[in-house]
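Dear colleague,

I am passing on to you the model that we spoke about, and I would be glad if you could read the notes below with the structure open beside them.

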Amino acid sequence: MNTETLIPYVGVVTEITQQTPDVKTFRVEAPGGGKLFEHKPGQCAMLSVPGISEAMISITSSPTNTEYMEFSVKKCGCLTEWLHAMEVGQMITVRGPYGRHFPVYDELLGKNLMIVAGGIGLAPVRSVINYVRDNRDKFGTVDIVYGSRSKDDLVYYDEIVNEWMNTPGFNVHLTIDNPQEGWDGHVGFVPNYVKELNPDLDKTVLMCGPPIMIKFTLGGLMELGFKKEQVYTTMELRMKCGIGKCGRCNIGNKYVCKDGPVFRFDELDELPNEY
Amino acid sequence: MQKMMEKRALELLGDGTVNRVLGWSAGDFIYDVTPAVFKTAEEVQDKFLYNDFCGANLSKYLVKESRKEGKILVFLKPCDTYSFNQLIAEHRIIRENIYAIGVECFGKADEEKLRAKGITGITGIEMKDGTYTVHTVYGDETVKAYEVMADRCLSCKSKKHVAYDELLGSEGEVVEDCNRFDMVEKLEAMTPDERYEFWRGELSRCIRCNACRNICPACTCEQCVFDNPNSGVSQKAAVNSFEENMFHIIRAFHVAGRCTDCGECSRVCPQHIPLHLLNRKFIKDVNTFYGEYQAGENPEAKPPLGKYEKNDIEPGEAGGAKA
Amino acid sequence: MKKLSLAKLNDFFAAVAAKETLYLPVNNNVGKAEYKKWESGVEMSSALNTVRSAKDFFFPQTENLMEFKMTGKSVEVFDTREECEDFVIFGVRACDAASFAILDSVYLVDPVDSYYKSRREHGTVVTMACSKPAETCFCGTFGIDAANPAGDVTVWEVEGAYMLRANTEKGEALLASVADLLEDGCEKCVEEAQAKTRAILAKLPLAGLTTEGVGVGKTKELFDHPAWASLSESCLGCGTCTFVCPTCQCYDVRDFDTGNGIKRFRCWDSCMYSDFTKMAHGNSRNSQLERFRQRFMHKLVYYPDRNDGTFGCVGCGRCLARCPISMNIVKVMKTLGGKN
């Protein structure tokens with residue numbers, strides 16, 4: 001990790017992929033090639049374009065990727081608009097890695113996993129999914145329930161269909177909010193789909209998506225008999241420093257940037273409902 | 001006066017004329033009164049206070065409060081009534097939802113002036129016949145009320161209530177010779193360099209806490225330009241020392257012709273910057289260039305900077321500093 | 001314990017200032033105390049405390065972090081900070097001295113803030129015991145002794161002289177550097193001065209203020225407390241309390257286009273401001289009630305939770321004196337503790 005915590009590295013954007021109409025994935029490498037730093041699945045980094053702003057973005061690539069890091073960014077503010085407009089070869093600044101990762105090195109080992117994601121919420125858990133694919137023997141089955149507004153809004157669609165669906169022990173369940181021409185898959189909201197799938201209670205759930213999806217999926221899981229100790233999520237709040245000092249991303253006595261962004265739901269129960 | 005106010009508050013709450021009372025709530029020391037909305041008779045009996053330290057202008061709270069259900073009683077000092085009228089003129093408060101009682105004011109005390117006299121460790125203050133007996137852990141002190149009167153009250157422009165539904169005490173008179181432009185004249189007489197030095201000396205103390213803006217009854221924008229990240233001027237603290245000047249100058253321009261000279265900006269400034277002088281300069285200039293005008297005096301009056309007349313002064317004629 | 005005759009005070013300041021920059025409370029043009037650099041002829045303020053706290057020395061209101069040069073698609077980063085020089089702050093009160101420990105617990109824990117650390121290492125803190133506390137003082141509530149402040153050197157004023165005690169190596173070095181101005185001190189005089197101050201402290205109106213009802217583990221109980229609505233009702237949402245507070249340490253990071261590159265600086269921020277937690281797609285604290293609650297929960301519950309029960313307030317009383325509407329942490333504590 002950089003010893004000067006607020007001073008970033010410079011990275012080069014080497015590939016830009018349009019994922020959906022408003023999401024692009026940026027591949028970032030060190031100017032001389034290779035990764036800027038190592039990270040663990042679920043961790044984040046502060047991306048910045050000097051003069052525009054700096055924002056916390058999850059690292060969507062797996063740590064097992066040795067060549068580059070990837071960030072998937074939805075266009076929704078001034079920095080993200082700038083990132084969406086830039087071209088390959090542009091340098092940006094990156095600092096990190098920040099935060100608590102998904103416990104893939106201990107608690108999740110050997111477990112059957114269920115990943116539940118909505119929209120851009122697949123980005124933070126994609127890091128876990130690809131980590132698990134690269135360490136296939138260390139984990140049990142993997143169910144992925146992923147939904148978005150429409151087929152066009154499903155991120156990593158090619159990767160899902162060509163790679164995840166062909167991974168042994170992986171079951172991918174896609175859904176979109178409304179029927180659409182050319183879509184013969186499931187239609188409906190993620191929380192309902194999870195209930196319909198009626199997953200076995202031995203699974204550990206990793207969840208990320210819009211707050212409303214999280215709320216209703218969690219409720220559904222509780223009804224099915226899951227315990228909060230089995231369900232992890234990853235949070236997003238306004239951040240500036242990324243190191244638990246600037247004081248704005250706290251939920252109660254926890255800083256999302258440092259103590260999160262990954263939380264288990266029984267831990268969130270201890271915190272005030274301010275997120 | 002407090003007794004009379006409390007009595008009326010209880011009556012009006014009791015007969016359903018109003019369902020809330022906006023007044024001042026007692027604190028730990030006699031001077032640390034907090035504006036508060038009282039909803040029940042018990043709250044009024046328990047905490048309602050009116051004394052020489054109730055300087056806070058309550059009218060701005062009506063922007064929010066007059067949009068709530070039911071009618072609210074507000075107590076207004078003479079200078080507060082000008083802010084009240086100005087807010088009506090700008091359609092920022094809903095008059096029908098307010099029952100305004102004017103209360104007499106003979107000038108408010110400034111606890112900073114007690115501190116400046118070296119009085120500290122205050123445990124209580126008795127106010128009688130223009131004299132304060134201040135009890136402190138270091139012994140009692142006696143001061144005359146006028147010795148610790150707030151500067152803004154020493155140059156009070158008007159003891160007249162310009163808006164009310166009911167009065168407690170007399171309506172009051174406009175103070176003709178209030179001398180409130182004395183310091184402005186001194187500043188005008190300075191050379192540009194001297195004046196620049198004066199303002200740099202004052203404004204360089206600014207910590208960008210926004211207290212002046214947030215207390216100001218003329219600052220009621222839904223979103224302030226200084227809070228808009230796209231405005232280019234939204235810096236919180238200055239990246240270079242000139243920015244705080246811009247903040248205050250832009251603010252003074254924005255309230256020009258609308259500022260009633262209530263003096264709240266200077267009262268709340270933690271760094272004691274005489275911000276009211278900027279506003280008074282504009283008031284004086286408006287008087288000079290467009291004829292005598294007092295913002296808030298008459299909510300029907302057309303504001304001089306908000307109307308056009310063929311004989312309006314041309315920008316070049318206004319003079320200003322000659323470098 | 002050493003003694004400095006007040007007749008030699010100016011020589012003492014001159015000797016210290018000859019070696020490193022010396023700051024002390026000085027009355028400004030409106031008669032309020034603020035820390036200023038000592039130069040010949042500068043007189044120390046007799047005020048109990050400065051309007052702004054001493055945190056500025058370690059956590060300045062604005063600070064340049066780095067600069068960037070953008071050329072075409074390339075970005076260069078420059079660490080532009082200058083080497084911090086040694087300095088001495090003289091006349092820090094017990095409350096502010098205690099606030100440094102609180103700032104340390106934020107900025108010196110991993111990952112260390114190197115900007116802050118550098119200034120901490122180069123600064124020597126000389127504290128001054130209080131002799132005339134004000135009605136707004138309540139440091140005792142948080143276990144701080146105004147008669148025995150922390151710091152590298154502690155000073156007590158006794159008749160005609162200062163008594164000085166070095167508490168750290170830095171403090172020893174400072175006193176050693178001016179040894180020829182000092183005489184042997186008098187422990188007993190200090191004890192007498194302390195006894196006097198403590199007798200006054202016990203009589204202050206807030207002497208009985210306790211932390212009952214707040215502190216570690218109170219989040220669930222206090223977060224939804226009905227009193228937040230009335231407590232925050234007249235809050236203006238300004239940043240006065242945060243900016244005069246010696247322990248408020250939140251900051252914002254901003255970029256400024258100088259026309260010749262980008263300057264990235266940080267500046268004090270306030271949780272009372274509406275944009276503090278605003279994101280492109282929402283805000284986790286939309287109302288002033290939530291923002292107000294955050295400030296006090298942070299000091300009275302969240303910070304103690306993270307720091308073995310230490311409170312994030314030192315009772316300096318600045319917010320009591322400065323809040324435009326006289327709402328403050330004491331009123332909050334009394335209300336939450338059921339005393340109001």
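This is a predicted model: local features need pLDDT of at least 70, side-chain atom pairs count only at pLDDT 80 or more; totals for chains, interfaces and linings use all residues.

Residues are numbered from 1 along each chain as its sequence is written, and chains are lettered from A and ligands numbered from 1 in the order in which they are written.

The model scores ipTM 0.92 and pTM 0.93.

**Chain C**

Chain C contains 11 helices and 14 strands, where helices (H or I, at least four residues) and strands (E, at least two) are DSSP runs numbered from the N terminus. Its radius of gyration is 22 Å, close to the 20 Å that the globule rule gives for 340 residues, so chain C is as compact as a globular protein of that length; the radius is taken over C-alpha atoms, and the rule is 2.2 Å times the number of residues to the power 0.38. Along the principal axes, the C-alpha atoms of chain C fill a box of roughly 65 × 60 × 40 Å. Of the 340 residues in chain C, 51% are buried, a residue being buried if 20 or more other C-beta atoms lie within 10 Å of its own, exposed if 12 or fewer, and partly exposed in between, with C-beta atoms placed from the backbone.

The domain assignment, whose bounds come from an automatic or database source, divides chain C into domain 1 (2–203) and domain 2 (219–336), and the centres of these two domains, taken over C-alpha atoms, are separated by 25 Å. In the contact between them, 34 residues of domain 1 of chain C meet 25 residues of domain 2 of chain C, two residues being in contact if their C-beta atoms, placed from the backbone, lie within 7 Å. On the domain 1 side, β4 (62–71) and α2 (94–107) of chain C each supply at least two residues, and the largest share, nine residues, comes from β4(C). That side of domain 1 divides into 18 nonpolar, 10 polar and six charged residues; here Ala, Val, Leu, Ile, Met, Phe, Trp, Tyr, Cys and Pro count as nonpolar, Asp, Glu, Lys and Arg as charged, and the others, Gly among them, as polar.

**Chain B**

Chain B has 12 helices and eight strands. For its 323 residues a compact globule would have a radius of gyration near 20 Å, and the 21 Å of chain B agrees with this. The C-alpha trace of chain B spans about 60 × 50 × 45 Å along its principal axes, and 43% of the 323 residues count as buried. Its domain assignment gives domain 1 (2–108 + 158–168), domain 2 (111–148) and domain 3 (182–318), with 33 Å between the centres of domain 2 and domain 3 of chain B, taken over C-alpha atoms.

**Contacts between chains**

Of the two pairs of chains that touch, chains B and C have the most contacts, whereas chain A and chain B do not touch, their nearest C-alpha atoms being 9 Å apart. The contact between chains B and C takes 44 residues from chain C and 34 residues from chain B. On the side of chain C that touches chain B, β12(C) gives the most, with four residues, and that side has 21 nonpolar, 10 polar and 13 charged residues.

The contact between chains A and C takes 32 residues from chain A and 38 residues from chain C. The elements that give two or more residues to the chain A side are β4 (53–58) and β6 (91–98) of chain A, and β6(A) provides the largest share, three residues.

**The interior**

Leaving aside residues up to four places away in sequence, V74(B) touches L22(B), L58(B), L62(B), I98(B) and A100(B).

V128(A) lies in helix α2 (residues 122–134) of chain A and counts as buried because it has 27 C-beta neighbours inside 10 Å.

With best wishes
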